[in-house]
Amino acid sequence: MKTNVLDQAKKPEPWAPTLVKRQRFEISFYCRPSKVNKAGESPIEMSIILNGNRTYVALPRRIKPREFDVLTASKKQNELKEYLDIQKNNIYQIQSQIIQSGRELSIDLIKAIYLGTDDDSRVMGIYDVWDEYLTHIGKGIGINITERHHYKCNRVLLLFKEFYTSNDDINKINTGVIQGFIQFLQVYKQLTDTTISGMLTKCKSVFIYALNNGYITRNPFGSIKISKKQKDVEYLTEVELNKIINKNLKGLASHYRVLEESV
């Protein structure tokens, strides 16, 4: 029996790619003057459009609308544009994650995963994020990060683990937990204010990383001020200073005697 060529052409090969219907997917950012607070700042809003459906997400960041317009319109890269690029990339990653998981892509699901309210999305533990952060900055060793800085960041991790033993959802780490960690360093570890300030700065960097990557919606360090106190400088007494001067003068005199004897 002969096979009909037309019938054969209608049957796709098992390896043939499945055609996906093209979808309209857009991400943009707004800072509305109508929502300014007393400081003249408005929240940055992220607009997500999927096939004509739109939703807004208020980002945990405020800025003056005029400053927002100037920075986003600038041709040069700046910190705000980098922040917005990170948020946009997070949404694209969520889109890919949903498609790969086989779940139906919807604007509500994208928003839920981004805000961490989707029950089926993966919850990031505090130490999962911390390890990811260390891996991230570890790639910059020898470029813009020193091995000593990476070591100190890891040391802060070990101390935080000693204080907070459970690898809970990172969103459970609030300002109260951070204040408890500060007391732990002061009372139990008896570290100096300068050392504690340096550790808190490194700890804060982890939560900034988590915020920029969408793991948290609020930074627990938001209301905590880190003031780095200067080290006390101990000055020499007049007696100690004279001893150093006399010692140097004696050494200089013997040096000249050696030169005179050799002439």
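Residues are numbered from 1 along each chain as its sequence is written, and side-chain values rest on heavy atoms, with hydrogens and water left out. In this predicted model, local features need pLDDT of at least 70 and side-chain atom pairs count only at pLDDT 80 or more, whereas totals for chains, interfaces and linings use all residues.

Helix 6 (residues 147-163) packs with helix 5 (residues 126-138), their axes coming within 10 Å and crossing at roughly 175°; helices here are DSSP runs of H or I with at least four residues, numbered from the N terminus, and axes are lines fitted to C-alpha atoms over the stretch in contact, with angles running from 0 to 180 degrees between N-to-C directions. Helix 5 and helix 6 are therefore roughly antiparallel, a term applied to angles over 145 degrees. In this contact (heavy atoms within 4.5 Å), Ile126, Tyr127, Trp130, Asp131, Leu134, Ile137 and Gly138 of helix 5 meet His150, Cys153, Asn154, Val156, Leu157, Phe160 and Lys161 of helix 6. By class, nine nonpolar, three polar and two charged residues take part, where Ala, Val, Leu, Ile, Met, Phe, Trp, Tyr, Cys and Pro count as nonpolar, Asp, Glu, Lys and Arg as charged, and the others, Gly among them, as polar.

Helix 6 also packs with helix 7 (residues 175-188) at an angle of about 105°, with the axes 10 Å apart, which makes helix 6 roughly perpendicular to helix 7 (65 to 115 degrees). Val156, Leu159, Phe160, Glu162 and Phe163 of helix 6 and Val177, Ile178, Gly180, Phe181, Phe184 and Leu185 of helix 7 make the contact. With helix 8 (residues 193-212), helix 6 forms an angle of about 90° at an axis separation of 10 Å, and this arrangement is likewise roughly perpendicular. The contact involves His149, Lys152, Cys153, Arg155, Val156, Leu159 and Phe160 of helix 6, together with Met199, Lys202 and Cys203 of helix 8.

One aromatic cluster is formed by Tyr127, Trp130, Phe160, Phe163, Tyr164, Phe181, Phe184 and Tyr188. Elsewhere, the charged end of arginine 61 sits over the ring of tyrosine 83, 4.8 Å from its centre, the criterion being NZ of Lys or CZ of Arg within 6 Å of the ring centre and within 35 degrees of the ring normal.

Asparagine 219 is placed in the loop between helix 8 and helix 9 (238-262). A polar atom of the asparagine 219 side chain lies 3.0 Å from the backbone nitrogen of phenylalanine 221. Not counting residues up to four places away in sequence, asparagine 219 touches Phe207, Ile208 and Leu211.

Key. Rings of Phe, Tyr and Trp (its six-membered ring) pair if their centres lie within 6.5 Å; planes under 30 degrees apart count as stacked, over 60 as edge-to-face and the rest as tilted. Helices (H or I, at least four residues) and strands (E, at least two) are DSSP runs, numbered from the N terminus. Angles under 35 degrees count as roughly parallel, over 145 as roughly antiparallel, 65 to 115 as roughly perpendicular and the rest as oblique. A polar contact is a pair of N or O atoms within 3.5 Å; within protein, one must be able to donate a hydrogen and the other to accept it, and residues adjacent in sequence count only if both atoms are side-chain atoms.
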